[in-house]
2 protein chains.
Amino acid sequence: MARATVQDVAKTAGVSVGTVSRVLNGSPAVSASSREKVAGAIRELNYRPLASARDLRRDRTMRILALAKNLESPVISEAFRGVGDAAARSGYVSLIAPTAGSPDREQQLVDMLRNGSVDGLVLFSPTMPDDDVEALATQLSVVQLCEVAESEAAFGVSIDDRQAARDITRHLIGTGARRLAMIGNRAARSGRLREQGFREALSEAGLEAAQSLFAAGDFDFHAGRRLTRELLAADNLPDAVFCGSDTVAAGCVREITDAGLRVPEDVAVAGFDDSIQAEMCVPELTTIRQPAYEMGRVAFGALLERMTEPGVHRRGRMFLPHELVIRDSTKN
Amino acid sequence: MARATVQDVAKTAGVSVGTVSRVLNGSPAVSASSREKVAGAIRELNYRPLASARDLRRDRTMRILALAKNLESPVISEAFRGVGDAAARSGYVSLIAPTAGSPDREQQLVDMLRNGSVDGLVLFSPTMPDDDVEALATQLSVVQLCEVAESEAAFGVSIDDRQAARDITRHLIGTGARRLAMIGNRAARSGRLREQGFREALSEAGLEAAQSLFAAGDFDFHAGRRLTRELLAADNLPDAVFCGSDTVAAGCVREITDAGLRVPEDVAVAGFDDSIQAEMCVPELTTIRQPAYEMGRVAFGALLERMTEPGVHRRGRMFLPHELVIRDSTKN
DNA sequence: GGGGCGTTTGGAATCGATTCCAAAAGCTTG
DNA sequence: CAAGCTTTTGGAATCGATTCCAAACGCCCC
């Protein structure tokens, strides 16, 4: 039994295709009796309108796509919950696809916006150059989340990474730290901003970075351990380490502890994101809370505006407030 | 400037729409000169074939959808990498959508298969009743992953959860444990199988479960802590705890340690999944490794077969081999 | 130069749902 | 009961890409 079409339903119900379509779309211009006959036929044939035919005619899909490098990051999955909930409330389905850091895969997925497979795109952490993001965003419905390109043409939602890094570094200095090191991620736009904030806080206090290390590949637990080993092997042991993520900070803490040193007495460690990792770590991590869920909601709001109001074109960058969360990894 | 169509390209290139389409689809029956003219026009107009029109005509989308309750689980994201890579190799785009445990959301997403928005579906952890899974799978292209319904009509890929739980419980008993407790998740099919395996290993050894606790809501770090507190408050302190996931085990270890007891000397703890949490925990967790990536690949393979070979209909359940990984949380 | 072959091309029909227009049906009121 | 509404209906046109069929073209060889 092949798929039933609107024609089949019309025949079974004894009405025209127009009437069937009107029932499907809740048009008021249908008599109760027709509505009933059509509903019966739909049930009998187990009919569902074909998405591609409908999308073609309507010129929209009511679907959006969120692109992320991977799904493991707690901030990403939380932000996506925000996108998804907001989307659902507006009748959109939101889908996610990981690029796995492959430009080809990314291109293929961005093409889904270009070819109308989806109506809008949320970019989480593209490997795409800023120029490409800009070019895409000027023509189509795109919003950036967390990682925002330096561009006047595109729009993005994030926290003020620079300020947040400055805040947490100031806190470290406030607890008495003088030889501060950082473990960062220059591959990410946010990582570069956090580095800036770190350096600004230092020079404010008349200090210089003891060491700055940057991950080459992944920015994960193992990278945190590896880089911390380097840190400890060097001459001047830092008395505080600012890490670009909680997961990396957890690796850092682990390596320090394994080396027989105490956190925070010998070395204080700060994380970033306030993910569950921050609480799983012993001692629990001082970190920066990102309002990820809210960021997702706001991002979808902007995307919806872009999709439905062709005139409006929001630009630039919107900051949501972050929060310094102080826990045992830095108490003095 | 509205979207360019195949007609526009044809006009600009000075050929017919048929020729444009043939170029688009790499038909050999096109002269080099036409091919070139069309390629030029496509570039000039920045043309992309509209997905809905193409899908309508071709009656397939080359897209699949993976449904999961959430994205945070490392096993899920790893399994999805496997699905995604295998799909890409066959020219499919694979998308993910979290249901957030909402049956409505789940229904909406499953409808994407019913209405032809995607060609196939990978079900990770549906809240859907077994009967519904079965009904869906008999008509459409569906494959289950990790959580597999008790049904002869549907097909699913997973490890042998019962056997794996038995293996790790035997190991606990082998290290001398006699008062074994478990923290499980009866809300998941896999959780129920793991409970079975746990009990089988116990009765094999002539033992009885000291305590068995089950999470009410989420099965996460906090649930692990909460349930372990209950465990410790009871009279007969267990000398080993089998946890249904690494994350829960991490919560368990944390609570035991905070109570001033030692892991594994006072209480041994075992996890499940061999996620990164198992390595982040101190001491590192003994656990069961699931070949998640491979499971994803295999699942897509089965789905592809189902989508492209209408005659074949694989049924039942396929087990991939698990592995007992022994670490410090249970050494004796 | 023309017959016959294979290559290339144009154009119409098609996929399935929506929507617009005109016509039919139903209702009210003088 | 007819004129004048409104409500409801049928059916054709439409969205954009693909594909099939027949026609046009090019080429070779006799």
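Me: What order do the four strands of the open sheet in chain B come in?
Reply: In this predicted model, the four strands of that open sheet in chain B are ordered β7-β6-β8-β9, and their pairing is parallel. The edges are formed by β7 (211-214) and β9 (268-270) of chain B, each of which pairs on one side only. On average, and with direction ignored, neighbouring strands of this sheet are turned by 15° against each other.

Me: How many bridges join β6 to β8 there, in chain B?
Reply: Four bridges join strand β6 (residues 180-184) to strand β8 (residues 240-243) of chain B, and these two strands run parallel. If you want a pair to look at in the viewer, B:Ile183 has B:Cys243 in β8(B) as its bridge partner.

Me: Which strands does helix α10 of chain B lie across?
Reply: Helix α10 (residues 221-233) of chain B lies across β6, β7 and β8 of chain B, running at about 150° to β7(B). Helix α8 (residues 161-174) of chain B, for its part, lies across β6, β8 and β9 of chain B and runs at about 165° to β8(B).

Me: OK, and chain A, what's the strand order in its open sheet of four?
Reply: The order in chain A is β7-β6-β8-β9, with parallel pairing, and the edge strands are β7 and β9 (268-270) of chain A, each pairing on one side only. Between β8(A) and β9(A), which run parallel, there are three bridges, and the bridge partner of A:Phe242 in β9(A) is A:Ala270. Two helices that pack on this sheet are α10 (residues 221-233) of chain A, which touches β6, β7 and β8 of chain A and makes about 150° with the direction of β7(A), and α11 (residues 246-258) of chain A, which touches β6, β8 and β9 of chain A and makes about 165° with the direction of β9(A).

Me: What rotation superposes chain B on chain A?
Reply: A rotation of 180°, with 0.0 Å of shift along its axis, superposes chain B on chain A with an RMSD of 0.1 Å, and that is the relation of a two-fold axis. The same surface serves both copies, in that 100% of the contact residues of chain B recur in chain A.

Me: Changing topic to the largest nonpolar core: which residues touch the most other members?
Reply: Those are A:Leu145 and B:Leu145, in a core of 94 residues. Helix α13 (residues 292-308) of chain B supplies the largest share of this core, namely eight residues. Apart from it lies another core, of 38 residues, which includes A:Ala154, B:Leu65, B:Leu113 and B:Val118.

Me: What is A:Leu145 in contact with, leaving aside neighbours within four places in sequence?
Reply: With those neighbours left aside, A:Leu145 is in contact with A:Ala79, A:Val83, A:Val122, A:Leu123, A:Phe124, A:Val157, A:Met295, A:Gly296 and A:Ala299.

Me: Now helix α9 of chain A, how far does it reach from first C-alpha to last?
Reply: Helix α9 (residues 189-204) of chain A has 16 residues and reaches 23 Å, which is close to the 22 Å expected at 1.5 Å a residue. A:Gly206, with a positive phi near 70°, follows α9(A).

Me: And which of its residues are buried in α9(A)?
Reply: The buried residues of α9(A) are A:Arg189, A:Ser190, A:Gly191, A:Leu193, A:Arg194, A:Glu195, A:Gly197, A:Phe198, A:Ala201 and A:Leu202. Among the elements that cover them are α7 (130-139), α8 (161-174), β6 (180-184) and β11 (316-320) of chain A.

Me: Why is strand β2 of chain B described as largely enclosed?
Reply: Six of the six residues of strand β2 (residues 93-98) of chain B are buried, so β2(B) is largely enclosed by the rest of the structure. B:Val93, B:Leu95 and B:Ala97 point one way from the strand, whereas B:Ser94, B:Ile96 and B:Pro98 point the other way, and all are buried. Strand β1 (residues 63-68) of chain B is joined to β2(B) by six bridges, and the two run parallel, with B:Ala68 standing opposite B:Pro98 in β2(B).

Me: Last one: is A:Ser329 buried or exposed?
Reply: A:Ser329 counts as buried, because its relative accessibility is 0%. A:Ser329 is found in the segment after β12 (323-325) of chain A, and, not counting residues up to four places away in sequence, A:Ser329 touches A:Val263, A:Pro264, A:Ala268, A:Val269, A:Pro283, A:Glu284, A:Leu285 and A:Thr286.

Key. Residues numbered from 1 in each chain as written. Chains lettered and ligands numbered in written order. Predicted model: local features only at pLDDT ≥ 70, side-chain atom pairs only at ≥ 80, totals over all residues. Heavy atoms only, no water. Core = buried A, V, L, I, M, F, W, Y, C linked by side-chain atoms within 4.5 Å. Buried < 20%, exposed > 50% of the residue type's maximum accessible area, 1.4 Å probe, protein only. Contact = heavy atoms within 4.5 Å. Pairing = 2+ DSSP bridges. Axes fitted to C-alpha atoms, helices over the stretch in contact; angles between N-to-C directions. Least-squares fit on C-alpha atoms with pLDDT ≥ 70 in both. Expected span 1.5 Å × (residues − 1).
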